[in-house]
Amino acid sequence: MIGWQRDAKGESLDKSFWEDQRSVSKLYQARCRAALRRHFFNFSDTLLDAGAGALQHAEYESLYLTFKKIFLLDLSYVAMQRINASNQRFRLVGSVDAIPLRAASIDCILSVNVINHVPSQNQELAIRDMLRVLRPGGRLVVVTYNPHRVNLSKILKKFRIRRGKNLPSTSDRNLGKLRNESLYWSAVTPEWWKKFEEDGILSFYPYRFLFITDLENLIPDNLLGRAALEILYFLQLIFRKAGVRWGAYYTVVIDRREI
Ligand SMILES: C[S@@+](CC[C@H](N)C(=O)[O-])C[C@H]1O[C@@H](n2cnc3c(N)ncnc32)[C@H](O)[C@@H]1O
């Protein structure tokens, strides 16, 4: 099981398994994370990061800055130990389907790439518990993998194979195998969220169009690759619906109804 151990370069294993570490992709991945800030502009009181991990991304830090009080929750004790506590930050070890916080006590919740690691029979319970701790008028922001994403590298590879060529691949086969085996992988579709329409107003946004294997297989680590990712990023802003439907990750925002 991959946890919050570090690799030889000092990066968390989670990061080196699930993010493309080449500089061309680092910028793109960081930009997608930083864009989450736009969902929090009108909030500044309490934030819960549900499944915060070991706070491996600097972009979350800048998002936290605007809040007075931050609760960081994770199932992993090791992850929580890695984080420095402060007067404004409270570390909680626990599960997203039984959050150790009072009802309606939180302004905003952020949960990035967590719900797809919760066993499917507990996923609805987890979202219901997040909505329980959220105050009326509060906002839940969830980022998750899209099981209906278009698998670009697979499509292109097939196309090339027919012409007798193979796409060059920077992905390590063993790494791919480990990625499949090591975590729960029960991703929910955008349609799945309809069951929460009575609890709040739902909106969907593209988060990141390309999955790690697409980045590794299709995007060269040079200026051309950088330009392609710039264009792709702006296309996902313009074609929001297509980005949600076909992209690798999407964001769902639930604004909890006032009672
Ligand atoms: C892919 S990591 C994402 C971490 C962080 N949100 C980020 O974006 O870097 C998934 C995290 O979810 C946590 N997790 C998985 N199931 C959980 C649960 N039921 N309750 C709380 N945390 C959970 C894992 O321990 C892990 O830290």
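**Close-up views of the predicted model**

**View 1. N113 is placed in the loop between β4 and α5 (120-133).** Helices (H or I, at least four residues) and strands (E, at least two) are DSSP runs, numbered from the N terminus. The structure is a predicted model, in which local features need pLDDT of at least 70 and side-chain atom pairs count only at pLDDT 80 or more, whereas totals for chains, interfaces and linings use all residues. Residues are numbered from 1 along each chain as its sequence is written. Although N113 is not a glycine, its phi is positive, at about 55°. Most residues other than glycine have a negative phi. N113 has 18 C-beta neighbours inside 10 Å and therefore counts as partly exposed; the class lies between buried (20 or more other C-beta atoms within 10 Å) and exposed (12 or fewer), with C-beta atoms placed from the backbone.

**View 2. A104 is a further non-glycine residue with a positive phi, near 55°.** This residue belongs to the loop that links β3 (89-93) and β4 (106-112). A104 is partly exposed, as 15 other C-beta atoms lie within 10 Å.

**View 3. The shell around the ligand holds 17 residues, of which G51, G53, L75, S76 and V112 come nearest.** By type, the shell comprises 7 nonpolar, 8 polar and 2 charged residues. Here Ala, Val, Leu, Ile, Met, Phe, Trp, Tyr, Cys and Pro count as nonpolar, Asp, Glu, Lys and Arg as charged, and the others, including Gly, as polar.

**View 4. The largest nonpolar core contains 51 residues, with L48, L73, V96, I109 and M130 making the most contacts inside it.** Strand β5 (residues 134-145) is the greatest contributor to this core, giving 6 residues. Such a core is a set of buried Ala, Val, Leu, Ile, Met, Phe, Trp, Tyr and Cys residues joined through C-beta atoms within 7 Å. Neighbours within four places in sequence aside, M130 is in contact (C-beta atoms, placed from the backbone, within 7 Å) with A50, V96, I99, I109, S111 and L140.

**View 5. Seven strands form an open sheet of mixed pairing, in the order β3-β2-β1-β4-β5-β7-β6.** At the edges, β3 and β6 (200-208) each pair on one side only. Strands pair if DSSP finds at least two bridges between them. Strands β5 and β7 (residues 249-256) run antiparallel and are joined by 7 bridges. V141 stands opposite V253 in β7.

Technical notes: Near = placed C-beta within 6 Å. Contact = placed C-beta atoms within 7 Å.
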